Amino acid sequence: MKGIYLNFAVLSLAMLLCLCQAKTHLHPLILVPGTGGNQLEARLTAEYKPPSLFCNRWYPLKKDKNGWFRLWFDLSIILSPFTRCFADRMMLYYDPYLDDYYNAPGVETRVPNFGSIQSLLYLNPHLKHITAYMEPLARSLEQIGYVDGENLFGAPYDFRYGLAAEGHPSAVGSKFLSDLKHLIENASSSNGGKPVILLSHSLGGLFVLQLLNRNSPSWRQKYVKHFIALSAPWGGTVQEMITFASGYTLGIPFADPLIVRNEQRSSESNLWLLPSPKVFSQKKPLVIAQNASYSAHDIEQFLEDIGAPERVKPYKSRILPLVGKFVAPEVPITCIVGTGVETPETLLYGECGFDEQPEIIYGDGDGTANIISLLSVELEWADNRNQTLKVIKLPGVSHTDILRDDAALGEILGQINSINSV
């Protein structure tokens with residue numbers, strides 16, 4: 001019996017040593033989510049003025065001892081009175097004199113668990129089945145040796161805020177880039193100085209690209225091993241024009257898109273995701289209404305005509321210069337995108353105007369981002385010998401299924417294993 005126990009102990013020690021060696025072989029990895037891809041909390045102050053009795057400061061009943069509650073995602077928002085509360089509290093305001101965005105008066109927000117993957121796994125941990133986001137990807141990463149807080153990290157952020165072109169303040173978005181930079185440095189330092197793998201989804205890819213381009217080549221070379229961008233809408237999406245014109249419920253049943261439309265129009269990051277004139281042709285109408293049609297080169301007029309003239313100035317001054325160029329960061333990049341999924345390409349509005357959902361003509365893409373946007377950096381950097389770029393196309397995989405589809409997860413893990421083996 002002693003021999004059996006001894007053999008078992010030796011085998012256990014060998015397995016432990018193998019696991020430790022596997023972990024030390026891995027480059028630290030940071031997950032950066034897309035729009036709506038992490039939890040968001042809020043707290044109301046005395047300055048808050050509710051738009052209705054339903055939205056009084058007692059709602060929701062469940063708060064922590066300091067008054068913080070779950071703002072995104074809470075199931076009550078599917079009920080119309082509470083949808084209005086949600087929209088009111090999610091609203092951003094642009095100050096043309098300060099040239100920046102801020103929360104609604106009396107609403108404080110925070111992003112929980114920065115540095116951990118916990119707020120990326122589920123949008124609501126009490127509704128795991130219907131709000132799972134990066135959980136399947138995270139579990140797959142754990143199977144190859146990644147551990148939250150050791151060599152696996154998360155970079156959640158307030159996805160309502162975006163970034164602005166040089167010379168314009170963007171306090172919240174810029175702070176996120178600063179926090180992400182420090183997370184990268186700390187992750188590298190705590191893992192023996194190994195450079196980091198950055199893995200983003202959707203809008204997260206745009207933030208990562210900006211972070212790389214806003215730091216020196218020497219910093220990028222020291223701290224970033226590889227950048228993997230999943231479903232990155234580099235040039236925006238036609239879907240975003242539905243959001244601005246008619247509102248978009250993100251597939252949430254029973255929610256009225258018109259109730260959330262003004263809130264969605266207020267989002268700084270949504271402006272960033274409108275179709276870029278650099279990517280979409282001036283000759284291609286993206287929206288056709290009764291009395292006008294709009295290409296990506298007509299966004300300012302489009303914003304005027306849908307009743308959002310206050311969005312024109314920040315779009316023109318802050319967003320257009322930001323999306324006007326794709327600077328190659330000269331860090332190895334792998335883009336993994338879905339293709340062959342029906343994706344809004346042209347929107348047709350009839351007599352009822354923009355208060356009804358449009359008839360949609362579909363084209364190629366991943367169901368959310370158009371193929372021309374997903375592949376735009378491939379065309380832009382084709383002749384750049386200093387930019388290592390690999391594009392992997394996954395037929396039939398949608399914008400969000402890329403985080404849970406078995407074939408997609410296999411491809412992602414294959415790329416990560418390949419990076420770690422070099």
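Searching the whole structure gives 1 cavity of 30 Å³ or more. A cavity is a set of points, on a 1 Å grid over the protein atoms alone, where a 1.4 Å probe fits but cannot get out, and lining residues have an atom within 4 Å of a point. The model is predicted: local features need pLDDT of at least 70, side-chain atom pairs count only at pLDDT 80 or more, and totals for chains, interfaces and linings use all residues. Residues are numbered from 1 along each chain as its sequence is written, and side-chain values use heavy atoms, with hydrogens and water left out.

The largest cavity has a volume of about 80 Å³, the space filled by probe spheres set on the grid points, which are joined across faces, edges and corners. Its lining includes Tyr-59, Phe-69, Asp-74, Cys-85 and Arg-89. By class, the lining has 7 nonpolar, no polar and 3 charged residues.

Ser-246 belongs to helix 9 (residues 239-246); helices are DSSP runs of H or I with at least four residues, numbered from the N terminus. Ser-246 counts as buried because its relative accessibility is 1%, buried being under 20% relative accessible area with a 1.4 Å probe and protein chains only.

| Backbone oxygen | Distance to Ser-246 side chain |
|---|---|
| Phe-354 | 3.3 Å |
| Glu-356 | 3.2 Å |

Not counting residues up to four places away in sequence, Ser-246 also touches others, among them Pro-257, Leu-258, Arg-261 and Tyr-349; contact means heavy atoms within 4.5 Å.

Technical notes:
1 Å grid on protein atoms, 1.4 Å probe; cavity = no way out; pocket = protein on both sides within 12 Å on 5 of 7 lines; lining within 4 Å. Nonpolar A, V, L, I, M, F, W, Y, C, P; charged D, E, K, R; others polar. Helix = DSSP H or I, 4+ residues; strand = E, 2+ residues; numbered from the N terminus. Buried < 20%, exposed > 50% of the residue type's maximum accessible area, 1.4 Å probe, protein only. Polar contact = N/O pair within 3.5 Å; in protein donor to acceptor, adjacent residues only side chain to side chain.
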